[in-house]
Each structure stands twice: as structure tokens, then as C-alpha cells.
Amino acid sequence: MSDAQLRDALDAVRARADLAARRTSDPVGVVHRYEDPLDREIVGLIAAAIAFGNVKTILAKLGDLLDRVGPSPSRAADHPAELKARLRGWKHRVFIGDDLARLLIGARSVQLANGSLGRDFAAKFEEHGAIRPALAAFCDGIRDAGKLRSRTRRGPSHLLPDPRGSSGVKRLLLFLRWMVRPADGIDLGLWSLDPAHLLMPVDTHIHKLARNLGLTREERLTWRATEEITAALSRLDRRDPTKYDFSLCHMGMLQRCPSRRDPVRCEGCGVMPVCRHWHVR
Ligand code: SF4
């Protein structure tokens, strides 16, 4: 299959998609409800950080959390004791209210020191010259400022993972995509980084589809798989490779891809002409 065929198939999936409906059912839709860019970047960080599991549950937990925090999440973090009291009793999977309060307090501290999270990230990218070390330093800053660490609980390290490890850190890369890609109804275009530098946020569905489309041969969902998939998508659009996240995610969610030739479950799949299970050389 050629890059042009793959590009055409993914562009067609995106062109047919209902962006407004997608935004409503996605945590990024919550970020769009805020006007102030400082609130948007903080809500985006929280929404991406807790985006584990069933999307309806994530939206319900995010809504409850933000109701407790109040109308301006960035300014709410200026009163740490009150914020912690408001979030007491909140829980989602391994995360508790105190973890989220510390994330908010740490992120707000970085905003106050640099003007915004976006400026801090831009400075770190300029210093390190690549996304992975910049993201690691960015997370270190928030973690240190919010004292977001624990020796006995997994919540803090899961909330803000370390990109230096082998994981693909999908939620952090999703947050970057929301902040950096040009505003298109889903992404917000808040930060000034060049979208060409972004890496694909890869979860198990995207990884499976990427293997079906020949974007990676990596069997495990690792940072290396993330880099391979991004490099393959850069051949389709080197200025904006993560724009294809929407198409791939859309397919993965709607089709419940069986990763084999299954006429019933594959029916209507927009990438069938370029899927390795159907493509006839
Ligand atoms: S054609 Fe079938 S196996 Fe291939 S990506 Fe689509 S749903 Fe998955």
C-alpha cells in the first residue's frame, strides 16, 4: 500500500466525521467550556491525566471534580488548603482528591513562575530540543511544585507519568496535542510549539490499528512504537502528523477492530482498502 492510498483513506475518515458530536463525547469538550487560556491549559492537564477507562465515567468524574473546584480552576489553586478540602472524598480508579489537588497546585505554581504552562513547556523544548526530555522536565516541575509523590500509593505516579520510561505516555501526548495543534473544533491551538514536533498519543486501540495499517511492527505499546507510528504518519503530513489521531481514534472506537479479516465486524471500516488483513498486493 502506498502512502498516498493511506493518506486518502485517513483523510476520508476525518472528512466524514461529525466533529461537534465527537467533542461532546470527549473529555476535550470540557476544556472548551472555559474561556481563560490559563483555565483551559489546567483543565486540559487534569482531563488528560484522569482519562483512564470508560469515557462516560471519566466525564462524570471530571464534572464532579470541576464542580468542586469552582469556576476558575487556575485561581482555585491559589488557595491550597481550601482546594484540598473541596476535593476530599473525590476518587477515580487509583486517584484520590489529594492527588488532583497537588496536580492543580503544582501546575498553578508553574503558571505563576512562567506566565503559563505553555511558556514553561516552550522554554523546556528550546532547552532540550525534543519532546521527550522537554516533557520529562515539564512534569518534574509540576510534580516538585505540587509535592506530587508517594511511596505507598500508585496514584501520584500514574497521574503524571515519567516520559523517561518505556511507556508511550499516551495521556501526556494527548494533552500536548490538545494544546498545540491548530484550533479545529477539537484541538485548541493554545501553545506556540510547531505541531510537526508532536508525537501520536497511542493507546491499545490505536496501536492495534497502526499494526493493521503497517505503521509499526512493534508488538508492545512502548515509546518506540509511538515514535514509529508518528514517523510513519509524518510521511503523510510532515507538518502535522498527529492530525491523523482523530481518524485512527474514530476508527478504533467505532469499529471495535477485530484485527483479522471479519466481513461482519469490518463492514464500513473506512481504512479497509489499506488494512493489511484485506489489502491484496
Ligand atoms: S478492516 Fe477490519 S481488521 Fe482492518 S482496521 Fe478495519 S476493522 Fe480492523
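**Salt bridges, pair by pair**

Modeller: Start with Arg260 and Asp262, which form a salt bridge with their closest N and O atoms 3.2 Å apart. Keep in mind that the model is predicted. Arg260 is partly exposed, at 42% relative accessible area. Asp262 has 11%. The cut-off for buried is under 20%, so Asp262 counts as buried.

Some salt bridges also share partners. One such network joins Arg14, Arg177, Arg181, Asp184, Asp187, Asp240 and Asp245.

Now take Arg108 and Asp78. Their side chains meet in a salt bridge, N to O at 2.8 Å. Arg108 belongs to helix 8, residues 97-114. Asp78 sits in the loop between helix 6 (73-76) and helix 7 (80-87). The pair therefore ties together parts that lie 30 residues apart in sequence. Arg108 is buried, with a relative accessibility of 8%. Asp78 is partly exposed, at 34%.

Next come Asp140 and Arg164. In this salt bridge the closest N and O atoms are 2.5 Å apart. Here too the pair links distant parts of the chain, 24 residues apart. Asp140 is in helix 10, residues 131-146. Arg164 is in the loop between helix 11 (155-159) and helix 12 (170-180). Arg164 is partly exposed, with 47% relative accessibility.

Conventions
Residues are numbered from 1 along each chain as its sequence is written. This is a predicted model: local features need pLDDT of at least 70, side-chain atom pairs count only at pLDDT 80 or more; totals for chains, interfaces and linings use all residues. Side-chain values use heavy atoms; hydrogens and water are left out. A salt bridge is a side-chain nitrogen of Lys or Arg within 4 Å of a carboxyl oxygen of Asp or Glu. Helices (H or I, at least four residues) and strands (E, at least two) are DSSP runs, numbered from the N terminus. Buried means under 20% relative accessible area, exposed over 50%, partly exposed in between (1.4 Å probe, protein chains only).
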